[in-house]
Amino acid sequence: MRLTYTFFVLLICTALTAQQKQFTRQDSLRGSITPERIWWDLTYYHLNIKTDIDNKHLKGSNLVQYKVLKNAQRMQIDLQSPMRITKVSQDGTNVPFIQDGNAWFLELPKNQVKNSINEVLIEFEGNPVISKNPPWSGGVTWNKDSNGLDFIATSNQGDGASLWWPNKDHMYDEVDSMLISINVPEHLMNVSNGRLRAVEQNVDKTKTYHWFVSNPINNYGVNMNIGDYVHFSEVFDGENGPLDCDYYVLRENLEKAKEQFKQVPLMLKAFEHWFGPYPFYEDSYKLVEVPYLGMEHQSSVTYGNKFANGYLGRDVSGSGWGLKFDFIIIHESAHEWFANNITYKDMADMWVHEGFTSYSENLYVDYHFGKQASQDYVVGIRKNILNDSPIIGPYDVNASGSSDMYYKGANMLHNIRTIIDNDEKWRGVLRGLNKEFYHQTVTTAQIENYVSKHAGFNFSKVFDQYLRNSEIPEFEYKIDGKTLTYQWRKGVSGFNMPLDVLVNGEKVRLKPSGKAQTKKFKTEIEHLNVDINYYVTSRQVK
């Protein structure tokens with residue numbers, strides 16, 4: 001998901017509300033690993049939906065296959081009103097269920113034997129929530145293209161995939177594989193995740209598109225896109241061999257897309273360099289036009305940036321470099337590594353997705369335009385930082401922290417890169433993260449510990465400062481002839497981030513702490529400047 005100036009205030013208010021609101025039982029049912037979730041592990045979904053576009057109605061079923069981890073009989077499935085579950089069965093036997101808000105509890109009559117693989121069929125229907133502001137508000141977007149043909153898409157990060165289909169709607173457990181079957185009028189096409197396995201022509205003048213995802217997928221990454229699509233493709237020669245790249249755009253935008261999407265191989269080349277191989281070769285890479293700005297749906301990245309560079313034509317950094325690339329292609333595709341390959345367990349840790357991905361914009365600029373350009377870009381995005389509240393949100397209630405997870409998160413990572421001061425080592429950390437946590441859900445602690453271990457420096461206080469505190473650390477210093485006295489102010493207890501300064505134009509690395517230290521130089525100190533690559537403030541005292 002992506003932040004924009006137009007909706008900046010909206011996201012700020014949302015983040016503040018998450019920090020201040022009184023959480024309910026429904027928040028806990030949605031955001032915690034409940035007893036009714038923990039005993040079973042997802043292995044496979046078959047989501048089968050018939051669309052009734054005129055009535056904005058969905059009807060279908062989801063076959064849920066799972067492995068029993070421990071004996072239990074009560075299962076939690078999530079589906080949000082006004083959608084409703086109409087029937088549940090297991091091995092042909094009806095399963096009784098009760099509704100508690102958006103949580104539905106199934107009382108399974110079959111004995112759930114540990115290590116067994118079982119299935120439950122959930123039938124459902126309803127008029128799903130219509131998104132008022134996609135992708136920032138979840139739901140289905142029912143639009144028309146310029147020719148008056150239906151143009152429909154889903155987007156539901158944060159609000160949950162259970163807005164439109166029943167599932168285990170918590171990020172900790174990703175389904176291992178999935179078949180997505182969407183029935184649409186025959187003059188339209190559905191594009192979903194993974195590879196197109198079959199197109200079924202039906203007697204009622206509809207077609208059913210069957211898409212198969214062979215890799216683990218987070219539930220918010222599952223999508224349905226319906227329109228008068230045309231298709232073109234290419235093959236990228238990647239680290240793991242040939243990668244199929246497929247593009248689906250509205251008929252009238254074909255020529256514009258063929259030109260703008262030339263940036264996809266440039267993106268893949270840069271990110272495979274920094275992050276390692278694209279994580280979903282088996283499922284291909286897709287870019288799909290939608291009637292909203294875009295989002296990181298796994299192997300089905302959605303795009304609505306009007307075939308122009310920048311962010312709807314603007315440079316979010318103000319440096320000029322943001323107009324050298326299509327923001328949505330670069331940002332949303334980077335989420336394939338940080339969001340879809342490495343996925344947060346709890347929404348409180350959303351910075352793992354957004355901080356790394358915002359920093360990926362800088363790394364793209366670095367790869368194609370050089371280190372000075374990337375520095376200008378990452379420094380430029382600081383003007384968007386609010387320092388209003390901590391980046392990490394409250395746990396177990398499906399709530400995120402401050403929208404600073406984007407730009408402040410990116411600058412925190414740039415601090416770390418600058419401290420490491422070895423680009424190959426930094427690259428090794430980024431690639432190592434994607435290898436170590438390949439197709440896994442993670443906690444902030446796992447990411448922090450990995451970075452510290454493989455960077456060779458304990459960054460725990462740096463993470464505490466930028467993720468769990470809303471103040472910017474202040475470097476306070478005093479110059480007395482040849483003597484420099486310095487310390488950190490406004491830092492968390494024990495804050496120990498090294499800092500590079502320019503003393504009379506010469507780079508010097510200091511190791512400030514919360515206590516004043518002194519350093520003597522051979523010559524008079526005429527001027528001191530903090531390295532611009534650090535996101536800190538500074539103050540000289542007399």
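## A buried tyrosine in a predicted model

Tyrosine 535 is buried in this predicted model, where its relative accessible area of 7% falls under the 20% limit. Tyrosine 466 is buried as well, with a relative accessible area of 0%.

The rings of these two residues form a pair. Tyrosine 466 and tyrosine 535 have ring centres 6.4 Å apart and planes at 40°, so the pair counts as tilted. Tyrosine 466 belongs to helix α12, while tyrosine 535 sits in the loop between β28 (528-530) and β29 (537-540), so the pair ties together parts that are 69 residues apart in sequence.

## Another aromatic pair

A pair of aromatic rings is described by the distance of the centres and the angle of the planes. The structure holds 39 aromatic pairs. One of them joins tryptophan 40 and tyrosine 66: the ring centres are 5.7 Å apart and the planes stand at 75°, so this pair is edge-to-face.

Strand β1 (residues 40-52) contains tryptophan 40 and strand β2 (residues 57-68) contains tyrosine 66, so the pair ties together parts that are 26 residues apart in sequence. Both tryptophan 40 and tyrosine 66 are buried.

## Helices α11 and α12

Helix α12 covers residues 460-467. Its buried residues are Val462, Phe463, Gln465, Tyr466 and Leu467. They pack against α7 (351-369), α9 (407-420) and α11 (444-455).

Helix α11 has 12 residues. From its first C-alpha to its last, α11 reaches 16 Å, close to the 16 Å expected at 1.5 Å a residue. Buried in α11 are Thr444, Ile447, Glu448, Tyr450, Val451, Ser452 and Ala455. The elements that cover these buried residues include β21 (342-344), α7, α9, α10 (423-436), β22 (440-442) and α12. Just after α11 comes glycine 456, with a positive phi of about 80°.

## How α5 meets α10

Two packed helices are described by the angle between their axes and the distance between the axes. Helix α5 (residues 263-275) packs with α10 at an angle of about 95°, and the axes are 7 Å apart. The angle lies between 65 and 115 degrees, which means that α5 is roughly perpendicular to α10.

On the α5 side, the contact is made by Glu272, His273, Trp274 and Phe275. On the α10 side, Asp423, Trp426, Arg427, Leu430, Arg431 and Asn434 take part. Sorted by class, the contact of α5 with α10 has four nonpolar, two polar and four charged residues.

## Backbone exceptions

Most residues other than glycine have a negative phi, and most peptide bonds are trans. Two residues with a positive phi are described here. Alanine 339, which is not a glycine, has a phi near 150°. Alanine 339 is placed in the loop between α6 (327-334) and β21, and at 0% relative accessibility it counts as buried. Aspartate 421, also not a glycine, has a positive phi of about 55°. Its place is the loop between α9 and α10.

Cis peptide bonds are also present. The bond from serine 81 to proline 82 is cis, with omega near 10°, and proline 82 is in the loop between β3 (74-78) and β4 (84-90). The bond from proline 134 to proline 135 is cis too, with omega near 0°. Proline 135 is in the loop between β8 (117-126) and β9 (139-144).

## Two loop residues

Asparagine 240 is found in the loop between β16 (229-238) and β17 (241-250). With a relative accessible area of 51%, asparagine 240 is exposed. Not counting residues up to four places away in sequence, asparagine 240 touches Pro277 and Tyr281. The C-alpha atoms of asparagine 240 and aspartate 396 are separated by 37 Å, and the two residues are 156 residues apart along the chain.

Lysine 110 lies in the loop between β7 (103-107) and β8. Its relative accessibility is 31%, so lysine 110 counts as partly exposed. Leaving aside neighbours within four places in sequence, lysine 110 is in contact with Gln73, Gln90, Asp91 and Asn118. Threonine 93 is 17 residues from lysine 110 along the chain, and their C-alpha atoms are separated by 8.9 Å.

Conventions:
Residues are numbered from 1 along each chain as its sequence is written. This is a predicted model: local features need pLDDT of at least 70, side-chain atom pairs count only at pLDDT 80 or more; totals for chains, interfaces and linings use all residues. Side-chain values use heavy atoms; hydrogens and water are left out. Buried means under 20% relative accessible area, exposed over 50%, partly exposed in between (1.4 Å probe, protein chains only). Helices (H or I, at least four residues) and strands (E, at least two) are DSSP runs, numbered from the N terminus. Contact means heavy atoms within 4.5 Å. The expected span of a helix is 1.5 Å times one less than its number of residues. Axes are lines fitted to C-alpha atoms, for helices over the stretch in contact, and angles run from 0 to 180 degrees between N-to-C directions. Angles under 35 degrees count as roughly parallel, over 145 as roughly antiparallel, 65 to 115 as roughly perpendicular and the rest as oblique. Ala, Val, Leu, Ile, Met, Phe, Trp, Tyr, Cys and Pro count as nonpolar, Asp, Glu, Lys and Arg as charged, and the others, Gly among them, as polar. Rings of Phe, Tyr and Trp (its six-membered ring) pair if their centres lie within 6.5 Å; planes under 30 degrees apart count as stacked, over 60 as edge-to-face and the rest as tilted.
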